[in-house]
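Welcome, and thank you for taking a look at this one. Here is a short tour, with the sequence and model for you to follow along.

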Amino acid sequence: MKVDILSEKDVVATVLTRERGLLRAVVHGARGRSKRAASLQLLTEVEISVFRREGSDLGSVREIEPRQSAFSLAMRPDTALLLPYMAESALAFCPPEMAVQETYRLIRHVLDALIEGQAPGPLAGRYFECWILKLAGIFPSVRTCSVCGNALSGKAAFEPSGPFLLHPDCGERGRPLVTEGTVALLQSITASPLPAVRLPQAQEREALLGAEMIAREVRRHFLGFELKSYALLGVLDATPRSPC
Ligand SMILES: [Zn+2]
């Protein structure tokens, strides 16, 4: 997930594991063009064995072998900047030392859909950010109004401090509004695997921007800061990412 340089040859890698969550471990001989260096490319899935003394929070990698590289995505303009964004999000939302199998599966699922060409980059970004917040238990319900409890369809108002979505006529006015397309997109994202998510036929870009705004505001409200990699996401697709 993250590599910090320790010396000329050694690095400290932060690795997301299925069973133990985030682990930090020294990898010897991992700089330059070695196989170990290739194993540590961002979001490459690896087989790893780590030795760790009891009570220490830093392990030492004995063996590391790449299983599935994400390198092809790092070369694509629509996905290159998604990789650091996904990695930084996982670091921000995964508690260390806790099994985070759902997060691991989410990352693998999004990477596979992208590698197999089953989803465009911007949609995959929205899918990932909504789901990582949902797994953290902080994504609003997208099916029912938080005030009256009836089904949401059509436009909705958004309150980041809840966070919640509500009918525009329920509750005070002045909250940001999202389009019917955004509501439909969020309902599809939270109910379907990524390749089955349907973008609305009209105003696709507005729907994606609305979903992004909701995820961004929920994340900022929860973390109290913004992810560094998020600001870079807009460099390639020219989407402005100023606060709403
Ligand atoms: Zn309502």
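Predicted model: local features only at pLDDT ≥ 70, side-chain atom pairs only at ≥ 80, totals over all residues.

## The zinc site

H167 is buried, with a relative accessible area of 17%. Its ND1 atom is a donor of the zinc ion, together with the SG atoms of C145, C148 and C170. These protein donors lie 2.1 to 2.4 Å from the zinc ion. C145 is buried as well, at a relative accessible area of 3%; both residues count as buried because the cut-off is under 20%.

What is the geometry of the site? The angles among the four donor atoms run from 95 to 118°, and the site is tetrahedral. For orientation, the ideal angle for four tetrahedral donors is 109.5 degrees. Along the chain, the donors follow the spacing C-x2-C-x18-H-x2-C. Within that pattern, C145 and H167 link distant parts of the chain, being 22 residues apart. C145 sits in the loop between α5 (121-135) and β6 (156-159), whereas H167 sits in the loop between β7 (164-166) and β8 (177-178).

In soluble globular proteins, nonpolar side chains tend to be buried together. Here the largest nonpolar core has 58 residues, and V110, L165 and I214 are those with the most contacts inside it. At least two residues of this core come from each of α3 (82-93), α4 (101-115), α5, β6, β7, α6 (180-189), α7 (204-223) and α8 (228-237). Which element gives the largest share? That is α7, with eight residues.

V110 is worth a visit in your viewer. Leaving aside neighbours within four places in sequence, V110 is in contact with M86, A124, Y127, F128 and L194. There is also a second, separate core of 10 residues, which includes V11, V15, V27 and V46.

## Backbone details to check

The peptide bond from G162 to P163 is cis, with omega near -10°, and P163 is found in the loop between β6 and β7.

L43 has phi near 60° and is placed in the loop between α1 (35-39) and β4 (45-51). Q203 has phi of about 55° and lies in the loop between α6 and α7. Are these two buried or exposed? L43 counts as buried at 9% relative accessibility, while Q203 is exposed, with a relative accessible area of 54%.

Key. Residues numbered from 1 in each chain as written. Heavy atoms only, no water. Donors = N, O, S within 2.8 Å, 3.2 Å for Na, K, Ca; no water. Tetrahedral: all angles 85-135°; square planar, octahedral: opposite > 155°, others 65-115°. Helix = DSSP H or I, 4+ residues; strand = E, 2+ residues; numbered from the N terminus. Buried < 20%, exposed > 50% of the residue type's maximum accessible area, 1.4 Å probe, protein only. Core = buried A, V, L, I, M, F, W, Y, C linked by side-chain atoms within 4.5 Å. Contact = heavy atoms within 4.5 Å.
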